[in-house]
Amino acid sequence: MKLSHYNFELPPELLAEYPAENRDESRLMVLDRKARTIEHKLFKDLIDYFEEDDVLVTNNTKVFPARLFGNKEKTGARIEVFLLRELNSETRLWDVLVDPARKIRIGNKLYFGDDETLVAEVIDNTTSRGRTLRFLFDGSYEEFRNKLTELGETPLPKYIKREVEPEDAERYQTIFAKVEGAVAAPTAGLHFSKHLLKRLEIKGVNMAEVTLHVGLGTFSSVEVEDLSKHKMDSEEMSISQETADIVNAGLERKKRVCAVGTTAMRALESSVSSNFRLNPYSGWTNKFIFPPYDFSIANAMITNFHTPKSTLMMMAAAFAGHDFLKEAYAEAIKEKYNFYSYGDAMLII
């Protein structure tokens with residue numbers, strides 16, 4: 001498979017700038033791989049495709065307000081700092097992206113907030129836009145993290161051109177978000193409402209949680225035509241014994257095991273035993289899934305409509321079949337589905 005196989009033209013008006021008014025009333029396209037049929041539903045109709053003892057695997061990562069704006073010392077130039085990951089809590093070292101990067105060199109200091117109580121010093125270059133920052137703050141670690149939260153804003157994807165609004169803090173977060181650490185939402189999970197979860201629970205559908213902290217690696221553009229040469233950035237993840245037990249019980253009963261999103265799917269596929277069962281795991285994954293690929297755990301998947309040439313689209317193609325997915329995307333454009341993070345959803349069974 002080549003990178004060019006994942007290109008398509010998306011009309012700009014189909015890029016969702018805002019989420020659906022109600023979480024579970026976004027549209028849902030249902031792809032049946034065996035019958036090769038496409039149905040058009042609402043997300044709340046998802047319940048019709050699940051039975052007692054089926055399993056839904058969600059990603060409980062929580063997005064933190066990762067985008068900061070500061071000013072460079074002396075010049076006062078406005079600099080965007082995108083927090084990627086904490087390297088050392090004691091010394092307050094962070095991996096970040098800066099923009100505009102050409103202005104930021106080792107030794108520079110950046111000042112944040114009106115009172116400038118938070119300062120960062122650039123101590124290393126990591127990539128063309130990447131830097132390592134040491135934050136300087138007169139207070140406890142808890143106070144420092146609170147300051148980051150106070151000054152940061154919801155890290156909406158760059159292709160959403162509008163300003164961040166107060167509602168984004170809640171809507172760009174799944175209702176099962178618990179473990180802080182993601183710089184982007186696991187967007188397939190954004191469609192679940194508390195009401196829909198309760199209906200699924202009453203029907204006897206089992207919920208299992210994994211944690212995979214979504215990093216920018218998920219969204220990094222693929223620069224090589226030969227997909228086998230693309231390297232994914234590592235992302236931190238964990239799977240509990242309880243989750244492994246729920247999923248494996250579903251597999252033993254030959255029930256539907258559905259990964260809610262590409263991140264949940266990647267977590268499941270990163271910890272498979274030799275007899276195709278899920279193992280508990282805590283660590284990192286850089287797994288890159290693209291066609292052809294044999295999935296070991298999930299036999300159903302919920303996902304959004306992704307950007308051209310993205311690793312997310314490639315995983316969906318590996319699960320649905322490349323040609324079937326392209327057919328579905330063409331249908332979605334024709335039927336004016338909303339695309340990307342705040343867009344509509346797809347169930348592949």
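Reply: Since this is a predicted model, every value below is computed from its atoms.

Me: Why is the pair of Tyr-141 and Phe-144 called tilted?

Reply: A search of the whole structure finds 19 aromatic pairs. In the pair of Tyr-141 and Phe-144, the ring centres are 6.2 Å apart and the planes meet at 50°. Centres have to lie within 6.5 Å for a pair, and planes under 30 degrees apart would be stacked and over 60 edge-to-face, so what falls between is tilted. Both residues belong to helix α1 (residues 141-151), where they are three residues apart, about one turn of the helix.

Me: How do you know whether Tyr-141 and Phe-144 are buried or exposed?

Reply: Buried means under 20% relative accessible area and exposed means over 50%, with partly exposed in between. Tyr-141 has a relative accessible area of 31%, and is therefore partly exposed, whereas Phe-144, at 0%, is buried.

Me: And why does Thr-154 count as it does, and where is its place?

Reply: Thr-154 has 12% relative accessibility and therefore counts as buried, the cut-off being 20%. Its place is in the loop between α1 and α2 (168-171). Leaving aside neighbours within four places in sequence, Thr-154 is in contact with Pro-65, Arg-67, Val-164, Asp-168, Ala-169 and Tyr-172.

Me: What makes α6 largely enclosed by the rest of the structure?

Reply: Helix α6 is described in this way because 10 of its 10 residues are buried, among them Thr-311, Met-314 and Phe-319. The buried residues of α6 pack against β1, α5 (262-269), β16 (300-304), α7 (322-334) and β17 (345-348). Just after α6, Gly-321 takes a positive phi of about 100°.

Me: Which residues touch the most other members of the largest nonpolar core?

Reply: Of the 54 residues in that core, these are Val-247, Phe-339 and Met-346. The largest share of this core, eight residues, is contributed by helix α6 (residues 311-320). Apart from it lies another core, of 25 residues, including Val-98, Val-122, Phe-135 and Val-183. Leaving aside neighbours within four places in sequence, the contacts of Met-346 include Leu-28, Met-301, Phe-305 and Tyr-329. Ring pairs also link Phe-339 into a cluster with Phe-8, Tyr-159, Phe-305, Tyr-329, Tyr-337 and Tyr-340.

Me: Why are β2 and β15 said to stand at the edges of their sheet?

Reply: The open sheet has nine strands in the order β2-β1-β17-β16-β14-β3-β12-β13-β15, with mixed pairing. β2 (37-42) and β15 (281-285) each have a single partner strand, so one side of each is left without a neighbour in the sheet. The twist averages 25° from one strand to the next.

Me: How do you know that β1 and β2 pair?

Reply: Pairing requires at least two bridges between two strands. Strand β1 (residues 27-32) and β2 are joined over six bridges in the antiparallel sense, and Leu-28 stands opposite Lys-41 in β2.

Methods: Residues are numbered from 1 along each chain as its sequence is written. This is a predicted model: local features need pLDDT of at least 70, side-chain atom pairs count only at pLDDT 80 or more; totals for chains, interfaces and linings use all residues. Side-chain values use heavy atoms; hydrogens and water are left out. Rings of Phe, Tyr and Trp (its six-membered ring) pair if their centres lie within 6.5 Å; planes under 30 degrees apart count as stacked, over 60 as edge-to-face and the rest as tilted. Helices (H or I, at least four residues) and strands (E, at least two) are DSSP runs, numbered from the N terminus. Buried means under 20% relative accessible area, exposed over 50%, partly exposed in between (1.4 Å probe, protein chains only). A nonpolar core is a set of buried Ala, Val, Leu, Ile, Met, Phe, Trp, Tyr and Cys residues joined through side-chain atoms within 4.5 Å. Contact means heavy atoms within 4.5 Å. Axes are lines fitted to C-alpha atoms, for helices over the stretch in contact, and angles run from 0 to 180 degrees between N-to-C directions.
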